[in-house]
Amino acid sequence: MRIDVITIFPDYLAPLSLSLVGKAIEAGIVDLAVHDLRWWTHDRHHTTDDTPYGGGAGMVMKPEPWGEAMDAMEHLNPAPMTVVVPTPTGRVLDQDLAHELSTRERLVFACGRYEGIDQRVLDHCAESYELIEVSLGDYVLNGGEVAVLAITEAMVRLIPGVIGNPDSLVEESHAPGHRLLEYPNYTKPPVWRGRQVPPVLLSGNHAAIATWRREQALERTRQRRPDLFQNGS
Ligand SMILES: NC(=O)c1ccno1
């Protein structure tokens, strides 16, 4: 998978070179490039925003730099582009969307700032490429960079070959066909500050362990996320 990120704060994306995503890059599973939107400005101040038509507080990102940046992305790599725009007005990220994104050949993340990107840029991207607007949830960030970190980690880990043991993807919270929150996990020591590991987990009885884990997942989901439970989990 090829990932391009366009932002006015390239340093924000430095964590993508660490840990899981960093290992996927080292393994050649992911090819990542971060671009500074200001490379496509032509004034001495490298202006990327202006006041909103119709008035109102804040500034809007100008369409010209974005248009030139998207043109450059097209010429940079022949793979069909899926443009992902993190925005509070987008489709809320869930495991299904993470899976969808993990199947794409190339993602181009457009990180908005201020009040967002001129709508004509989004309209252009929707007509010229695949456009997916994504929200992390019902709250507002100052820009798309943090969302790109979260979206990238959520979907790169689903790409075959990235996670060492793919079985660990099967029973985790929100896994396809699972739709339940994961059961509680324990490791050594068997007693810690007077708290014992549930004896069933030390029993070696795999059927009983599986039953206990299913019951824990059901109860945890019922208590914490009844909305998931009602969706036929
Ligand atoms: N809620 C979000 O994902 C978001 C993205 C940019 N600002 O807020």
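1. Helices (H or I, at least four residues) and strands (E, at least two) are DSSP runs that are numbered from the N terminus. Residues are numbered from 1 along each chain as its sequence is written, and side-chain values use heavy atoms, with hydrogens and water left out. This is a predicted model, in which local features need pLDDT of at least 70 and side-chain atom pairs count only at pLDDT 80 or more, whereas totals for chains, interfaces and linings use all residues.

2. A side-chain N or O atom of Ser135 is 3.5 Å from a nitrogen atom of the ligand, and a backbone N or O atom of Gly137 lies 3.2 Å from a ligand nitrogen atom. A polar backbone atom of Leu141 is 3.0 Å from an oxygen atom of the ligand. Of the 240 Å² of accessible area that the ligand has on its own, the protein covers 96% (Shrake-Rupley method, 1.4 Å probe).

3. For "binding site", an unreviewed UniProt entry lists Gly112, Leu136, Gly137, Asp138, Tyr139, Val140 and Leu141, though such annotations may be inferred rather than shown by experiment. From this set, Gly112, Leu136, Gly137, Tyr139, Val140 and Leu141 belong to the lining of the largest pocket; a pocket is an open set of points on a 1 Å grid over the protein atoms alone, with protein on both sides within 12 Å along at least five of seven lines, and lining residues have an atom within 4 Å of a point. Leu136 lies in the loop between strand S7 (130–135) and helix H5 (145–156).

4. Two backbone features deserve a check. Most residues other than glycine have a negative phi, and most peptide bonds are trans. Lys188 and Pro189 are joined by a cis peptide bond with omega about 5°, and Pro189 lies in the loop between H5 and strand S8 (191–192).

Notes
Polar contact = N/O pair within 3.5 Å; in protein donor to acceptor, adjacent residues only side chain to side chain. 1 Å grid on protein atoms, 1.4 Å probe; cavity = no way out; pocket = protein on both sides within 12 Å on 5 of 7 lines; lining within 4 Å.
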